[in-house]
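Have the model open as you read.

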Amino acid sequence: MKKLTLPLSALLALSAAAHDVSLNEGWQFSRDDKSWTTVNVPHDWAISGPFDKKWDIQIVQIHENGEKSATEHTGRSGSLPWIGKGTYKRTFTVPAGYKRAELIFDGAMADAHVYVNGKLAGQWPYGYNAFRVDATPYLNGGENLLEVKLDNKEESSRWYPGAGIYRPVTLHCTHSDIALDSWGAFVTTAGIDAGKATIDVKHRLAVANRDSQCTLAVNIVDASGNTVATSTSLADGTGAFHDIITVDNARLWSPESPNLYKAIFTLASDGNVLDRQEVKFGIRTVAVSREHGFQLNGVTRKFKGVCLHHDLGMLGAAVNKAAIVRQLVALKEMGADAIRTSHNMPSSIQMEMCDSLGLMVMAESFDSWRDSKVKNGYNLVWDQWWDKDVTNLVLNHRNHPSIVMWSAGNEIPEQAKTEGAERYKKLIDLFHTLDPTRPVTCGTNWIGGAMDSGFSIVADVPGYNYNLGSYESTIGRLRQGFILGSETASTVSSRGVYKFPDEPLNNKEWDDGQCSGYDTEACWWSNLPDDDWHMQEDFDWTIGEFVWTGYDYLGEPTPYDKFWPSRSSYFGILDLAGLPKDRYYLYRSHWNKQDHTIHLLPHWTWPGREGQVTPVYCYTDYPAAELFVNGKSQGRITKDSKSRLDRYRLRWREVKYEPGEIKVVVYDDNGNKAGEQAIKTAGKPARLVLSPERTVIDADGNDLAFVTVSLVDKNGTLCPDADDQLTFDVKGNGTFKAVCNGDATSVEVFTQPTMKLFHGQLAVAVQSTKQAGEMTLTVKDKKNGLKSSVKIQSK
């Protein structure tokens with residue numbers, strides 16, 4: 001392809017070519033178009049509650065739970081007031097000299113209608129998708145009024161969807177009528193050979209112009225700011241650009257080394273710069289095959305993934321970078337290398353953080369297609385919008401190296417029908433047209449029906465949700481020759497709660513609305529982590545798993561769907577407050593190959609259980625350990641590869657409780673002592689311990705510091721059953737944001753500065769202001785007369 005060079009005058013004009021303006025601040029919000037409050041977006045209008053079962057009582061038959069008739073479900077969608085209408089409005093001004101203005105919404109829940117100066121400029125029904133609105137025809141030359149009207153219908157979600165403009169809004173302006181499409185860039189890795197990467201670069205004009213004589217210069221820049229490759233190309237007759245660029249000594253993207261590059265695009269005509277864009281990307285290849293399973297950069301690996309709902313616990317659906325980073329870092333430290341954005345399209349911020357932190361992504365699209373799961377679900381708009389939604393998903397996110405697979409849906413009702421397979425094929429074809437570099441999957445749960453209908457056969461990647469018993473019986477029928485555990489486990493537990501005896505149970509409901517932390521409880525359709533690991537380790541044709549779920553989320557309080565006040569899930573490896581359950585360390589002991597794990601459970605404060613059997617577990621990557629109770633050996637045991645629950649756990653199931661101390665000593669493969677851990681019986685509460693995850697945050701008015709609050713005795717031992725009411729106060733250059741204790745049955749609202757401890761702990765979030773300085777969080781426990789403070793800096 002002919003190479004052209006931009007003149008120096010054009011290069012000097014780059015910074016003035018395009019302009020992006022955040023529209024996140026200064027909105028007016030109303031539920032009735034009469035009374036208005038000032039808010040910033042991202043904003044979730046429902047997260048302040050109150051919790052009440054009246055908000056979305058659903059008299060339904062949940063087929064996914066195996067129910068035979070319709071019954072009342074009170075916490076299915078989170079028991080928060082997300083249903084109904086809301087209006088946002090603000091003014092904006094297009095900077096002088098700019099001719100085109102585009103509004104980019106990363107997500108608005110739901111059925112967004114966007115008005116500019118009183119005229120309908122655009123709409124988008126699906127609340128989980130990003131969309132763009134061309135505001136240019138509606139501008140008046142000065143201050144412009146922007147209004148967004150939203151409408152959330154009852155029985156439109158199986159979980160808490162949130163409500164409002166819950167993701168960022170950006171005004172994208174360009175100087176010229178001829179400009180680059182804001183989602184037009186597509187940078188892929190065509191091949192890697194001996195350290196050289198062949199990069200395929202495509203772009204297009206926002207409006208095709210056959211008479212345009214534009215050139216597009218591309219600079220590839222590494223993480224240190226060095227230009228490593230350049231190219232210039234001419235537009236074809238449709239306004240599209242295409243070139244092939246070679247990068248020497250390419251640094252590949254992977255979870256272990258998430259190297260990123262930047263493509264800088266400069267559009268010019270007759271020496272004048274018309275537009276400029278910067279797009280981050282990674283150099284990496286993805287492939288799936290019968291012979292090699294899933295490969296990243298030519299290396300076979302199995303996914304160690306988790307499913308994530310979009311809500312952020314105490315923050316609701318409102319996107320926040322610090323909260324997302326907090327989630328992803330904890331998962332990485334556990335050993336996870338992938339997430340599935342279940343069951344919806346992800347936010348741009350989440351994908352950017354997966355890029356930079358190094359987590360592979362299965363980017364999902366829908367929870368249903370034409371056949372419904374809920375009365376007012378996506379099925380109502382499927383025929384008119386499915387292709388538009390897939391197009392936006394792919395165009396918006398296809399440059400993220402973290403995304404290695406698209407998911408067309410989850411447990412689609414028509415998966416066992418011929419027309420379901422036909423719809424799936426149409427979806428796959430559209431995904432491949434927009435992005436031929438990534439495979440497509442869909443989570444199936446009716447394995448036999450999906451096989452007979454041809455649904456699983458048309459998939460690039462057959463995804464099985466649970467149904468471990470079908471793996472071996474169907475692998476021979478799959479042309480692909482491999483199976484992905486697209487959704488696994490669904491083990492349920494509550495942090496700090498232990499039930500006796502410690503037997504594996506399905507769909508067990510206890511009087512207190514909690515689940516056992518022994519990690520032995522699941523649902524009728526699901527299983528325990530150990531079962532999935534057996535399948536993944538023993539069969540080469542499995543390519544990994546995505547555990548349901550990484551974090552607890554609002555809504556779907558299975559197995560307590562009919563128990564009030566349960567209003568959030570129990571599936572999480574970490575709880576709704578972001579605090580790790582015991583199960584976190586079980587997964588860490590199996591997935592994290594860089595660091596050792598020694599985790600002892602349960603706590604050892606059991607007044608009234610003296611002399612009763614109280615099993616003790618150790619989650620560790622070491623093969624053997626010896627347990628001591630007050631110095632007396634309870635035996636040295638070794639993991640048993642033939643046992644369902646003793647293959648990955650060390651368990652002493654006949655230990656009788658006596659106050660004092662339990663201690664575990666672990667041994668390596670050679671029988672040498674490798675480490676130990678002890679837990680003591682707690683005494684009376686003596687102090688509050690405040691543990692901030694970060695002590696320095698950005699003074700941008702958005703950054704958050706999360707602080708874990710623990711009530712301990714004089715020796716620092718957690719008081720494991722403490723439920724004291726705490727209060728929170730922030731002074732200085734910060735504000736109280738939210739608090740959560742992880743209790744799925746709590747109806748205390750997250751946005752008030754008071755909450756009870758749940759099993760001795762909770763997490764509180766404080767937010768920076770735009771004024772740099774120091775903030776002090778003070779926590780008080782009136783019951784015990786305790787007070788503690790911690791200082792956090794903002795810069």
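## Salt bridges and a helix crossing

Searching the whole structure turns up 40 salt bridges. Bear in mind that this is a predicted model. As a bit of background, side chains with opposite charges can pair up when their charged atoms come close.

Let's start with K770 and E25, whose side chains meet in a salt bridge at 2.5 Å, N to O. This pair ties together distant parts of the chain: K770 sits in the loop between β46 (761–768) and β47 (773–781), while E25 sits in the loop between β1 (18–22) and β2 (27–30), and the two are 745 residues apart. K770 counts as exposed because its relative accessibility is 55%, and the cut-off for exposed is over 50%. E25 has a relative accessible area of 39%, so this residue is partly exposed.

Next up is R644, which forms a salt bridge with D531, with 2.7 Å between the closest N and O atoms. Here too, distant parts of the chain are linked: R644 lies in the loop between β36 (632–638) and β37 (650–652), and D531 belongs to helix α9 (residues 529–538), 113 residues away. R644 is partly exposed at 43% relative accessibility. What about D531, buried or exposed? D531 counts as buried because its relative accessibility is 14%, and the buried class is under 20%.

The salt bridge between D646 and R651 has its closest N and O atoms 2.8 Å apart. D646 comes out as partly exposed at 23% relative accessibility, whereas R651 is buried at 13%. Elsewhere, salt bridges with shared partners join E102, R132, D181 and R204 into one network.

| Salt bridge | N to O distance | Relative accessibility |
|---|---|---|
| K770 and E25 | 2.5 Å | K770 55%, E25 39% |
| R644 and D531 | 2.7 Å | R644 43%, D531 14% |
| D646 and R651 | 2.8 Å | D646 23%, R651 13% |

Now for the helices. The axes of α4 (residues 382–397) and α5 (residues 418–434) come within 10 Å and cross at roughly 35°. That crossing of α4 and α5 is right-handed. Which residues of α4 and α5 meet? On the α4 side they are W382, W386, D387, V390, T391, L393, V394 and L395, and on the α5 side R423, K426, L427, L430, F431 and L434. Sorted by class, this contact between α4 and α5 has 10 nonpolar residues, 1 polar and 3 charged.

Notes:
Residues numbered from 1 in each chain as written. Predicted model: local features only at pLDDT ≥ 70, side-chain atom pairs only at ≥ 80, totals over all residues. Heavy atoms only, no water. Axes fitted to C-alpha atoms, helices over the stretch in contact; angles between N-to-C directions. Helix = DSSP H or I, 4+ residues; strand = E, 2+ residues; numbered from the N terminus. Left-handed = near helix turned anticlockwise from the far one by under 90°. Contact = heavy atoms within 4.5 Å. Nonpolar A, V, L, I, M, F, W, Y, C, P; charged D, E, K, R; others polar. Salt bridge = Lys/Arg side-chain N within 4 Å of Asp/Glu carboxyl O. Buried < 20%, exposed > 50% of the residue type's maximum accessible area, 1.4 Å probe, protein only.
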